[in-house]
Amino acid sequence: MAAPETVNLLIKARWIVPVVPENRVFENCALAIRGGVIQALVPQSEADKRFEAEQVINLGNHVLMPGLVNAHGHAAMSLLRGIADDLPLKEWLHDHIWPAEGQWVNEDMVRDGTELAMAEMIRSGTTCFSDMYFFPEQAAQAAQQAHMRAQIAFPILDFATAWGSGPEEYFRKGLALHDDFRASNLITVGFGPHSPYTMSDEPLKRVATLAQELDAPIHIHLHETAKEVAESLEQHGKRPTQRLADLGLLSPLTQCVHMTQVDDTDVALLSESGAHVVHCPESNLKLASGFCPVQTLLDAGINVALGTDGAASNNDLDLMSEMKTAALLAKAVSGRAEALDAHSALRMATLGGARALGLEDQIGSLEVGKAADITAVELSELAAQPVYNPVSQLVYTNSGHRVTHVWVAGRAVLLSRQLQTLNERELIGKSRWWRQQISQ
Ligand SMILES: [Zn+2]
């Protein structure tokens with residue numbers, strides 16, 4: 001008999017949903033992890049014979065799934081959660097969010113807000129998030145320190161903000177940040193042109209050129225509202241998606257966030273270019289922005305990822321409940337109950353996000369050779385009974401609060417519901433302090 005293979009960690013679970021292969025649930029299996037990478041997914045009886053593990057974790061009432069990928073957000077805006085609700089996008093931004101940001105956004109606010117957001121995301125099963133906000137250096141450092149995987153899209157707009165005087169400075173600082181994190185295995189730095197309606201053609205073209213040169217992602221708000229589309233038709237004589245295509249901005253590197261008000265030409269442009277869509281159903285619902293026709297996009301072969309958007313327009317960062325909203329909304333929008341079934345919703349929140357972020361070879365499924373970015377969800381409580389189908393419980397019964405363990409690249413960031421890399425009490429204290437400052 002061959003000598004046992006040494007691994008760092010063996011996780012035994014009642015159920016494992018690997019996402020690849022599709023639509024499968026493995027029972028009483030184990031994941032073996034070495035050097036932060038998945039070595040095997042095998043029956044527990046085989047794992048006991050084959051591996052000698054430094055640590056064994058038994059999760060007898062749990063589902064193991066790939067860590068969730070929150071493909072759109074503004075983490076630091078968690079400190080503005082609940083500051084203004086029940087308003088349409090334009091009024092909400094112009095009269096409330098932008099003035100508050102103008103006064104309060106600085107390095108400390110971004111650092112503290114990003115940590116608050118990461119703590120909430122980890123606790124509800126997210127291992128990787130995309131972020132677009134000012135002072136992205138702070139967000140990148142905070143993520144690296146908390147051992148979370150992140151795509152940091154540095155913001156670019158036509159006008160000055162607390163972070164810079166205009167496009168020239170945004171590009172300079174952003175490219176320096178890209179350079180600083182080139183060797184990081186957790187952080188990807190990409191371009192965050194805010195939206196077509198806050199940017200002129202020249203900086204957008206520059207984004208397209210530089211992103212191709214650096215093979216770096218582009219993350220942009222697109223077709224968030226009907227108004228945005230109408231104004232673009234008036235000013236540019238074309239829809240925003242067409243304008244971006246004409247500027248060379250649509251490619252497999254591009255993540256188009258929101259995509260409500262989608263017509264056939266938009267679908268064709270997205271599908272021909274290989275661009276990705278990031279669906280943010282709760283933010284779109286809350287701001288009454290419109291509906292993203294998710295099933296139509298999937299049927300056209302377009303990759304769709306899932307995001308919460310910032311906590312100021314959601315108002316939580318629980319991607320597990322976002323999956324439920326996405327699945328329910330897809331049925332309402334398409335008029336078909338079979339649209340975005342539970343497995344498809346889970347795939348969108350994991351592999352869909354990984355593909356959009358260009359990380360498909362590293363994360364998004366529990367496959368041998370991929371990073372051990374793993375979430376464990378306990379299904380023993382009353383409201384999860386009885387368990388006929390664990391994927392149904394994950395998607396349709398609000399499982400965010402049932403997350404017990406989270407690993408990123410094989411390292412635990414949540415163990416038995418306790419954060420390992422962030423201090424929960426300290427973060428609550430800091431958040432209260434910011435509320436006092438901001439509401440003065
Ligand atoms: Zn957003």
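Mentor: Domain bounds here come from an automatic or database domain assignment. Keep in mind that the model is predicted.

Trainee: Which residue ranges does the assignment give for domain 1 and domain 2?

Mentor: Domain 1 takes residues 5–66 together with 371–409. Domain 2 takes 68–356. Their C-alpha centres lie 29 Å apart.

Trainee: How many residues of each domain are in contact with the other?

Mentor: On the domain 1 side there are 26, and on the domain 2 side 28.

Trainee: How do I read the area between domain 1 and domain 2?

Mentor: Start with the idea. Interface size is often quoted as the accessible area lost when the parts come together. In this model, domain 1 and domain 2 bury about 2,100 Å² between them. Carbon and sulfur atoms give 66% of that area.

Trainee: Which three residues supply 29% of the area that domain 1 buries against domain 2?

Mentor: V395, Y396 and V408. They supply more than any other three residues.

Trainee: Now charge. How many salt bridges are there between domain 1 and domain 2?

Mentor: The general idea comes first. Side chains of opposite charge can pair when their charged atoms come close. The cut-off is 4 Å, from a side-chain nitrogen of Lys or Arg to a carboxyl oxygen of Asp or Glu. Between domain 1 and domain 2 the count is two.

Trainee: What is the N to O distance for E22 and R347?

Mentor: It is 3.7 Å, and their side chains meet in a salt bridge. By the 4 Å rule the count comes to 29 salt bridges. E22 sits in the loop between β1 (5–16) and β2 (26–34), while R347 is in helix α13 (residues 342–356), so this pair ties together parts that are 325 residues apart in sequence.

Trainee: Which residue forms a salt bridge with R206?

Mentor: E168 does, with the closest N and O atoms 3.7 Å apart. R206 is in helix α6 (residues 201–214) and E168 in helix α5 (residues 167–180), so the bridge ties together parts that are 38 residues apart in sequence.

Trainee: Are R206 and E168 buried, partly exposed or exposed?

Mentor: R206 counts as partly exposed because its relative accessibility is 32%. E168 has 58%, so E168 counts as exposed.

Trainee: What about R355 and E360: how far apart are N and O?

Mentor: 3.0 Å, again in a salt bridge of side chains. R355 is partly exposed, at 36% relative accessibility. E360 is partly exposed too, at 36%.

Trainee: What is L31 in contact with, leaving aside neighbours within four places in sequence?

Mentor: L9, L10, I11, I16, I38, A40, L41, L64, L366 and I374. There is also a spacing to check. L31 and A13 are 18 residues apart in sequence, and their C-alpha atoms are 8.4 Å apart in space.

Trainee: And T126: where is it found?

Mentor: In strand β6 (residues 126–131). T126 is buried, because its relative accessible area is 0%. Beyond four places in sequence, the contacts of T126 are L68, N70, M121, M148, L319 and V406.

Trainee: What does K286 touch, not counting residues up to four places away in sequence?

Mentor: K286 also lies in helix α10. The residues K286 touches are A84, D85, D86, A312, S313, N314 and N315. K286 counts as partly exposed, because its relative accessibility is 27%.

Note on methods: Residues numbered from 1 in each chain as written. Predicted model: local features only at pLDDT ≥ 70, side-chain atom pairs only at ≥ 80, totals over all residues. Heavy atoms only, no water. Contact = heavy atoms within 4.5 Å. Buried area = accessible area lost by both parts, 1.4 Å probe. Helix = DSSP H or I, 4+ residues; strand = E, 2+ residues; numbered from the N terminus. Buried < 20%, exposed > 50% of the residue type's maximum accessible area, 1.4 Å probe, protein only.
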